[in-house]
Amino acid sequence: MPNVINIQHISKSYEMGDQTVHALEDVSLRIDRGEYLAIMGPSGSGKSTLMNMLGCLDTPTSGLYQFNDANVSSMTDDDLARIRNKEIGFVFQTFNLLARSNTLHNVELPLIYAGIRKEERYRRALEALTHVGLEQRIHHKPNELSGGQRQRVAIARALVTKPSIILADEPTGNLDTKTGDEIMQLFGELHKEGHTIILVTHEEYIAEHAHRIIRLRDGRVEKDEVVIKQVKK
Amino acid sequence: MKRNFSSFWFEIREGIGMSFSAIRANKMRSSLTTLGIVIGIVSVTLMGTAIEGLDRAFNENITKLGADNLYVQKFAWFDNDNWWKFRNRKDIKMEQFFVVQREITSATLVTPVVGTVKTVQHKSKDLPGVFTVGTSDQFFPLNNMNVEYGRVFTEAEAFGGRPVVVLGSAVAENVFPNESPVGKNVRVGTHTYRCIGVLEKQGSFLGLFSLDNRVFVPINSFFTRFGSEWGIQIHVKAGDSKNMDETKEELRGILRKVRRVPPGIEDDFAINQQDLFIQTFNAIGLVIAGIGLFITALSLFVGAIGIMNIMFVTVKERTKEIGIRKAIGARRKTILLQFLIESSSLSLFGGILGIIISYPLSLLINQFIPTSMPIAIIVVAILISLIVGVVSGLLPAIRASKLDPVEALRYE
């Protein structure tokens, strides 16, 4: 099984006033294609920092980060943007849709940045929306949709570029339990279809959907356990 | 490379779409922001329209002067500094005219001109303030004037001092409202003249005075009836505008000799020509354009500051959106482009609004000077508003493009 993500001894520190905060210290991690992984930890444990790192929104202070064998640590801003565009699908707690754009345009946006032609964009966006069961809602604005529907739009937007990983940051945090369960069910299905999914959460019952749980504390990996042994194909 | 190019176009279209929805979402704010641009564009288009109108009016009028006419006078046109010097010069007299007429070889027409203001009267109708010109038969072809009715006087009548008069069209209409003046007697001042012709309508000169409110009498009758001590002007037609300088020099030589100006002393007369009008007009036009440019630049500057200000606010308000766009793959230049397009759309919107407002105003100007808004000025106005948009949006757009995606996403 090839590594999608290979992190070796990465650290991240910030200057806060006159003191240095070490958000991550010497974290090493390999994630394989097709894994369903949860990153857990209390607030301040560095899980947000790790997520930003994995999502190529930020670069480590030191250490090696390889994404599909490309060295992310030494990339320029535009290279990082290209990786985020093509290889990473983000799903956020607050959905983060563009409020003035309809469902279709929200899902098409990554494809616009990828330079995909109009007809092709429409086809792929519709396919992704069909995948999450929202093909009837393509002309609705986000404020005309329920929370669960909004998160489905966000998932469709994450899927539409056929990324290497889907990075979900507290995807059920703003949803009620029932809707949250439906969203988790959707992630389960996506995983079965072969998507690599990384969940960031502080809720045990959400993390339990994953097959591997990494627990962070004080910027270090405290525990890295396989919950369900993955079946090798 | 191909992919980069196509994504660039998609990003431009995305930017245009987003900026329109942003302007729609903030109609009031956008309209107020763009007010400075609106005023700037209104002033630039109206100024352009007015200058166009003045130009057109001037060109129409200047042809009335005749491009190859020379005017020998005591006073030089548009030289107000030396009034006393001109005032104290010797008058130009008829004897000098006769010498010029006899000796000049490079001119086709030469005529003496003298004028005063009189009241013209027929029966109960009287018209005060009529410019009464004493001249010769050559005056009419020299000024391209033709008769509507009757005829002009002959050379014999001009120098024989016959009591005949040719009326300008406005004088004829006012004094003879319901009858033909030809063959009738009119009183010019206190003297009776027989009307022999009426001129075609000549219009006005630069809108300042009517060329039709004039009557023309033989030069010698002018001297015998209105006094013989008048100084005259001599009007000369070179016949060919290419030989103007030659004619002017010959004329100058003759006049210096006849007026006994010693060598080395400057001329005690002036030879005027329409070039002087053109030069003066161009100078006035330059001043008007300068004032217009200043007002325009000032209001565009204020407008640009307004747009820059609102763009900083917009970037701040939409920090989260910028974060989202960056997270899903927008590069720096994508964001830069989006906000530049937005500021340009805002400014262009102001520019178009300005054109829409100034069009009816240009029709109002048309009431005073015949003009129409030139297409070029519309193109210039649109270009200016685009440039102002790009320039004023640059700093806010750079700030937006440099936002850190992590920070931007965290912004609420």
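A charge is taken to sit over a ring if NZ of Lys or CZ of Arg is within 6 Å of the ring centre and within 35 degrees of the ring normal; by that rule, the charged end of B:Arg225 sits over the ring of B:Tyr193, 5.3 Å from its centre. This is a predicted model, in which local features need pLDDT of at least 70 and side-chain atom pairs count only at pLDDT 80 or more, while totals for chains, interfaces and linings use all residues. Residues are numbered from 1 along each chain as its sequence is written, chains are lettered from A and ligands numbered from 1 in the order in which they are written, and side-chain values use heavy atoms, with hydrogens and water left out.

**Aromatic pairs**

- Over all chains, the search finds 15 aromatic pairs (rings of Phe, Tyr and Trp, the last by its six-membered ring, with centres within 6.5 Å; planes under 30 degrees apart are stacked, over 60 edge-to-face, the rest tilted).
- The ring centres of A:Phe90 and A:Phe92 are 5.5 Å apart and their planes are at 5 degrees, so this pair is stacked; A:Phe90 and A:Phe92 are both buried (under 20% relative accessible area, with exposed over 50% and partly exposed in between, for a 1.4 Å probe and protein chains only).
- B:Phe97 and B:Phe159 are also a stacked pair, at 6.2 Å centre to centre with 15 degrees between the planes.
- Because B:Phe97 belongs to helix 5 (residues 94-103) of chain B and B:Phe159 to helix 7 (residues 155-160) of chain B, the pair ties together parts that are 62 residues apart in sequence (helices are DSSP runs of H or I, at least four residues, numbered from the N terminus).
- B:Phe97 is buried at 0% relative accessibility, whereas B:Phe159 is partly exposed at 21%.
- One aromatic cluster is formed by B:Phe139, B:Phe140, B:Phe153 and B:Phe216.

**Between chain A and chain B**

- The contact (heavy atoms within 4.5 Å) involves 28 residues from chain B and 28 residues from chain A.
- About 2400 Å² is buried between the chains, with carbon and sulfur atoms giving 59% (accessible area, 1.4 Å probe, lost on putting the two parts together and summed over both).
- The chains share 1 salt bridge (a side-chain nitrogen of Lys or Arg within 4 Å of a carboxyl oxygen of Asp or Glu), and B:Arg332 and A:Asp77 meet in a salt bridge at 2.8 Å, N to O.
- Helix 1 (2-25), helix 12 (319-327), helix 13 (332-365) and helix 15 (405-410) of chain B each supply at least two residues of the side that touches chain A, and helix 1 gives the most, with 11 residues.
- A:Arg121 lies over the face of B:Phe10, at 4.9 Å from the ring centre.
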